[in-house]
Amino acid sequence: MSIQAQLRDAILKVLPDVECVIGWGPGPDPLRNAPLFMKTPDDVERFEAGPLSVSNLAVFLQEYKGNKVGIVVKGCDSRSVVQMLAEKLINREDVVIIGYPCEGVLDAAKIVTKLGLPQEALEAGMVAKLELEGESVTVTARGKTTELAIKDVTATKCSICRYPNAVLSDEFVGEKREGLEDSYGDVDKFLAMSEEERFRFWEKEMERCIRCYACRNACPLCVCKDHCVATSRDPHWLTQADSPRDKLFFQLIHATHLAGRCTGCGECARACPVNIPVGLFKRFMNRATEKLFSFQGGVDPEATPPLQTFKLEEPTIQERNWK
Amino acid sequence: MSAAKFIAHTDVPAWLAELAASMRVIAPVTEGGNVLYREFDSATNGVELNRKPTESAKHVLFPRSEALFTFRKEPVPFAPDSLDPATEEDSPAPRMTLTQPEAPKPTVVFGMLCCDAGGVTTFDPVYGGRYQDPYYLQKREATVLIAKACNEPLKTCFCTWVGSDPANKRDADILATDFGNGLYLEALTERAERVLGSKLLQDAPANAEAKAEALHAAAREAIGEVPSLEGIDNTLTTLFDERDFWWSHSAPCLACGICTNLCPTCHCFTITDEKASGAGVRLRSWDTCMAALYTLEASGHNPRGQKAARLRNRVGHKFSYFLKNNNGRISCQGCGRCIKSCPSSVDIRRIVLDAMKKGCAVKEAANG
Amino acid sequence: MSVLIGKERRIIGFLCNWCSYGGADTAGVGRFTQPTDLRIIRVPCTGRINPLFVIKSLLGGADGVLVSGCHPRDCHYAEGNFYARRRLEMCKQLLPAVGIDSRRFEYTWVSASEGQRWQQVVTAFTEQIHALPPIPRIAESPDLGVLEQCG
Amino acid sequence: MAKAASPKNGPSRKATAVSIESHAADVKKVADSAPAAPATSPASPASPPSGGPEAHGAIPVLTPGAHNPYLPYVATVREVIKETHNIMTFRVTLDDEEVWNSFHFEPGQVGQLSLFGAGEATFVINSPPTRMDYLQFSVMRAGEVTAALHGLRAGDKVGVRAPLGNHFPYNDMKGKDIVLIGGGIGMAPIRTLLYYLLDNRKDYGTITLLYGARSPQDMAYSYELPDWLSREDLDCVLTIDREAEGWEHRVGLIPNVLLEMNPSPKNAVAVCCGPPIMIKFTMEALAKLNFAPEQVITTLERRMKCGIGICGRCNIGEKYVCVDGPVFTSAELKALPNEL
């Protein structure tokens, strides 16, 4: 039985006990799934899980606080759920977690590049058909059909995924997969640029930020949302001017607020409509969190986030010596 | 109105460079994997006409932020006599000087999508209606819009549903049609003449009109079947209190502002002050009805505190309220950006079609 | 006004009320010579310092930011500086991601009696900032030009 | 100050040549055919105000083409009155004498009061147009702007964008018995109307005022109460929510006191302003007293920014509270989507 069929069975089993089960269903174009909120067995018929199930559904859990819901999670999504549990943002008894081994999700932009058609002539929306079979994906665009290996077009986060299986689940279907290594190569690569280059890189990138705050709203661990300092006047951290400075500052606010909490699901960057690599700030923070506090967000629901605690002596923190 | 013109693709950069000598030239350019409407740079000549810009061109007429005016408190001139408390009352009060921004530069937007030009004409009655908004109207008057007929609609495009067209002649000043070797330029308004004087422009070939029409028809065809949205305004009013309808459609919504920010017709803004010591600026900047803060009152009351209420208002504005205030014109231009860029795949077409279906059911139930 | 106009750098110091502000005072009373680049902001505790104070200062044009509080285990509020140590270190780790030299931000501990140490810290930090070029300025909207004129 | 709207920067007449396909064009034609109002009197409406239902909300009070509607008049605070622990009243005059001398508004119209640097917020002008010594705004401390406004002192400069919105239909109310009901800060718009009616006393029947607040200390305009209570031509009833020492008037929530007062709906109009919850229950009480929805008038409050129907946030369905309101009859509200 396919993973998808097994998941459907698991969902049907959970359905009577919950307000709804959050999973994925067909999206508006063949390249992606859309979140699906299942209340009836008919809804479950539309459920899909696989390389198109990109979005992290944990972002919706807080809206249901106090009502029991089911959620289908990939490994990375499960870490968001775990971190939310660790921070008591949701109650364990309110959520039924259905996990499966994730083989990676597709990155639409990579597919577009791989298709061999001239880049400028292609929009994601032009893909007419997409079929998944085994390790390959067959894409039809502009009357041309191309077969690609899934591993070549998965999201970058999938190629460094340590936790492809749900780290916490009430129901788990399928065979667990091996995790991969993450050596923060992207961070090192970025640091290879000079300081000035890095600074000007962000200045240029932020110029096109439209301040839609999708990076914030797609983040399962951004808890203020409706009361965010980004638009509040009291406190007044930011002006509403179309300034790279204000826009960069917001990204740094987001990154600092996620310090020691971020689980690296990458939704902030995926949500960005103008492709600003905002996930990079959090990658810096996550590496520092691992280095300083040997902590990874969203792995242990009992763990205290490192910035909510301290040690009397901090052997890993190298303080400046003024002598 | 001047006769139709033709310009070879190879001459376009030179033409834009010519225009740039006396005007601000905005054109779609590639930046960081996106196509964005930006100031044309004759050094790079990078105009991108084959892809659809990620964002609309509304920022040309309605910048993401703009200064409404600056204010400055003029210091009271020092008068030794006034140090006496008895005479302090009589000393001149500090003055507050307000300064408005400079008049906008003449501008041309080259190669904008017809749906983006349509966005501009939905702004017009809002910004030039009961009250005249000088900031918008001055830019509008100073700007020539050159739209390019769409030759390859995306899967998310639905302009024909909402009374527009991939090659509509209602909205822009000039309509350009891509003949493969160059652009066929039809002047649609008098404003067009401001940019059609160049020697690089040739007279249009003899069969051009028919050829353009065939291309337009093919694009129209590519969008496919056009469902009827007859009576959508009243249908949405009928569905206003259908909680489940709005709840289920808004469930995947992240309440971010991608849809409103990319939309060519969303025109809402906020006004905030920034100040340093004795001077400052009153800014107007884009705002989004998808944010809870947008309607939050100082008392803490929020008429649209739930994201379902906010989505209902956005869809309601585009497909109902705007129609009632503007002779039945749907404000949505069917550009599909809100669908294409939505991280949660919320599809406004599905909401509207469901509303049509559900509205019929509700009416039938009421009649039967 | 300093005699070093033109040469002076803008350095912001966030000092806790109970130790380092006193330490700076002690240094002043003791007439220890100090560079004048530092502008001091007094805060109740280093635990009150939001890392965004540091980032906003640097993005706003400060060439350096110095945070100083009570020595660990000496916090007036028992544990404020323990939390601060972790937060501020994380903040320091983030700066390279933005392309800001992490030497532009330091945090340390100076007690109210350590006038001498305060002098050392300020002098060393000011020298460190002077060894770096002025902080790069990020583009701002022209709409805010009027604020810039006011300084 | 209004002269700052120089021909160069102000909206040129040309701007109106923009092709617009909307009913708004009709409004514009009226404005175009009217003699261009001088830039210094932007407050003169394009057509004389009638106060009748047809003009209800349809008057472009800032003449299109004559003035930048975002540019406030610079005004000076003349007097500051501390009304209650969280309400302050500001009396201001516009600095430009020419503008001030020709300034006109209607009872119930609002203004955007701004402190430069803190921002703008909407308040009703609660002095009556019949007494133009100053414009009076009463501000309850609630958010960032109101907190800043509470720091104002006499002599300080503020910005005023006014008049905005529609007004009480005082012409339609002529010859009728009037029941005014104000709760808390909602007394501000009632005060404007009260003074307007008193200043045109012969045009109206009996006038009853019911003014309620949480406690005697929460009652704004306390210094005016003795006059209101002693007037022959006004029946003034005061109430507080709970018993308080030394209180000689009614005790009880406004809707209950109103039911006890039992005003006759015959040839009467009720005007009710206050917090949303008070309006809700007072409307119900008025319905019980057989007031028809057309006889009940209220004012709505919404978060507003532009005040001129453009920025979008104050809509209820296709109506904008800032230009189609803030004054609505109960009947009009019933026709709007349920999004209060």
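The text below treats the domains, then the chain contact, then the sheet and its helices.

The model is predicted, and the domain assignment of chain D gives domain 1 (1–164) and domain 2 (177–299). Between these two parts of chain D, 16 residues of domain 1 are in contact with 14 residues of domain 2, and the side belonging to domain 1 comprises seven nonpolar, seven polar and two charged residues.

Chain D also touches chain B, in a contact that takes 55 residues from chain D and 52 residues from chain B. On the side of chain D, the elements giving two or more residues are helix H1 (24–33), strand E1 (73–82) and strand E4 (119–124); by class, that side has 26 nonpolar, 18 polar and 11 charged residues.

Seven strands of chain D form an open sheet with mixed pairing, in the order E10-E9-E8-E7-E11-E12-E15. Strand E10 (250–251) and strand E15 (327–329) of chain D each have a single partner strand, so one side of each is left without a neighbour in the sheet. Within the sheet, strand E11 (residues 268–273) and strand E12 (residues 296–299) of chain D pair in the parallel sense over three bridges, and D:Ala270 has D:Val296 of E12(D) as its bridge partner.

| Helix (chain D) | Strands touched (chain D) | Angle between directions |
|---|---|---|
| H4 (residues 187–199) | E7 (177–183), E8 (207–213), E11 and E12 | about 150 degrees with E7(D) |
| H6 (residues 254–261) | E7, E8, E9 (235–240) and E10 | about 150 degrees with E8(D) |

Terms used: Residues are numbered from 1 along each chain as its sequence is written. Chains are lettered from A and ligands numbered from 1 in the order in which they are written. This is a predicted model: local features need pLDDT of at least 70, side-chain atom pairs count only at pLDDT 80 or more; totals for chains, interfaces and linings use all residues. Domain bounds come from an automatic or database domain assignment. Two residues are in contact if their C-beta atoms, placed from the backbone, lie within 7 Å. Ala, Val, Leu, Ile, Met, Phe, Trp, Tyr, Cys and Pro count as nonpolar, Asp, Glu, Lys and Arg as charged, and the others, Gly among them, as polar. Helices (H or I, at least four residues) and strands (E, at least two) are DSSP runs, numbered from the N terminus. Two strands pair if DSSP finds at least two bridges between them. Axes are lines fitted to C-alpha atoms, for helices over the stretch in contact, and angles run from 0 to 180 degrees between N-to-C directions.
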